[in-house]
Amino acid sequence: MNPLRLLTTALCCAALLVTSCKKSESSSGGTAKPGKKLRIAYVTNGVDPFWNTAAAGVRAAAKEFDVDAEVHMPPKGAVDQKRIVESLLIAGVDGMAISPVDAKNQVDMINQAASMTKVITHDSDAPDSKRICFVGMNNYNAGRAAGKLVKEAIPNGGKVILFVGRLEQLNAQQRRQGIIDELLDRPVQPLAGMTYDPPGKPQVGAKYTVLDTRTDNFDYQRAKSNAEDAISAVPDLACMVGLFAYNPPNCLEALKAAKKNGQIKLVAFDEQNATLQGIIDGDIHGTVSQQPYQYGYNSVKILAGLARGDQSVLPKDGFLEVPIVQVRKNNAQSFWTELKKLQAGQ
């Protein structure tokens, strides 16, 4: 073939190829760079088996929506979380879901991240920040649901002590207030402008008294010793409530050691194996599950959509509410079976 004709043919083919690529790119409707897989980060507020279930949701969504998604668990609270967020921003992630350790004091961190990538919050919100939306349960309503479980466990009333990792987190504040308001038969409060009872002072109602809220800063040994001290210090303690996933199992260990399991009632949050087994065995009255699998799945779904320019993934009013599930002895085994399937990716 004539060399000139060969070159002309090659140039024509190249032009056709470029035109075809442009048509394909414009018809996709996305904003992500072609050939580059989106990178999504899911940042928790600590290290706990609770987050393993959320991570299963992250993996499932990453596969479904064709993104690379990674889970980061800060071992030492706010300082580690800030370091992780900064590292991810330097790496250039396309979206980030954060569960704030301290919402009030992390607004600047979240706003900085939001100026550089798509940012949403999950599990615990930071409503004063520039995050795009929040994925999680209504923690106040969940607290009231836990309060109803307390009423079932000790219908004649009595003294109650709450156990939690830290009260700097908005979700902990809202859960605690929901329990107090329910036990003291107060009207339901809206999330906006909520009034909080300060810790350190007993809240006394007609039948129920919330004596104290004991924090442990995610220290499992301290969580157990807090429970042991409460059992020893309050001989007529009627009920213990664990607000974070690891609190109920540590309370249960303390109760068993004191041979008071079943005597002092226990109400839980979340779905650790020890908690579900405790419900089946009759040592825990019930738990409020916030379905963390859905936190992970929906966070990745929203961020992947936003990174591709799809605004339809955004929830109404900036809040994707994940429904709570109350687990008691009558449904604990079936709930656990379904949970294992989710965790295994089935």
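**Entry 1: Gln169**

I'm working from a predicted model. I started at Gln169 and found it in the loop between β6 (158-164) and α6 (170-183).

Buried or exposed, I asked of Gln169? Its relative accessible area is 1%, and the cut-off for buried is under 20%, so I put Gln169 down as buried.

Next I listed what Gln169 touches, leaving aside neighbours within four places in sequence: Asn45, Pro100, Val101, Ser124, Phe218 and Phe244. I also checked Asp102, which is 67 residues away along the chain, and got 5.1 Å between its C-alpha atom and that of Gln169. On the polar side, I noted a contact of 3.0 Å between the side chains of Gln169 and Asn171.

**Entry 2: the sheet**

I traced an open sheet of six strands, paired in parallel, in the order β2-β1-β3-β4-β5-β12. Which strands stand at the edges? They are β2 (68-72) and β12 (319-321); each has a single partner strand, so one side of each lacks a neighbour in the sheet.

At the β12 end, I counted three bridges to β5 (residues 134-136), with the two strands running parallel. One pairing I wrote down is Phe134 with Phe319 of β12.

**Entry 3: helices on the sheet**

Helix α3 (residues 77-91) lies across β1 (39-43), β2 and β3 (95-98), and I have it at about 175° to β1. Helix α10 (residues 292-307) also packs on the sheet. I found α10 touching β1, β2, β3, β4 (118-122), β5 and β12, with its direction at about 145° to that of β1.

Note on methods: Residues are numbered from 1 along each chain as its sequence is written. This is a predicted model: local features need pLDDT of at least 70, side-chain atom pairs count only at pLDDT 80 or more; totals for chains, interfaces and linings use all residues. Side-chain values use heavy atoms; hydrogens and water are left out. Helices (H or I, at least four residues) and strands (E, at least two) are DSSP runs, numbered from the N terminus. Buried means under 20% relative accessible area, exposed over 50%, partly exposed in between (1.4 Å probe, protein chains only). Contact means heavy atoms within 4.5 Å. A polar contact is a pair of N or O atoms within 3.5 Å; within protein, one must be able to donate a hydrogen and the other to accept it, and residues adjacent in sequence count only if both atoms are side-chain atoms. Two strands pair if DSSP finds at least two bridges between them. Axes are lines fitted to C-alpha atoms, for helices over the stretch in contact, and angles run from 0 to 180 degrees between N-to-C directions.
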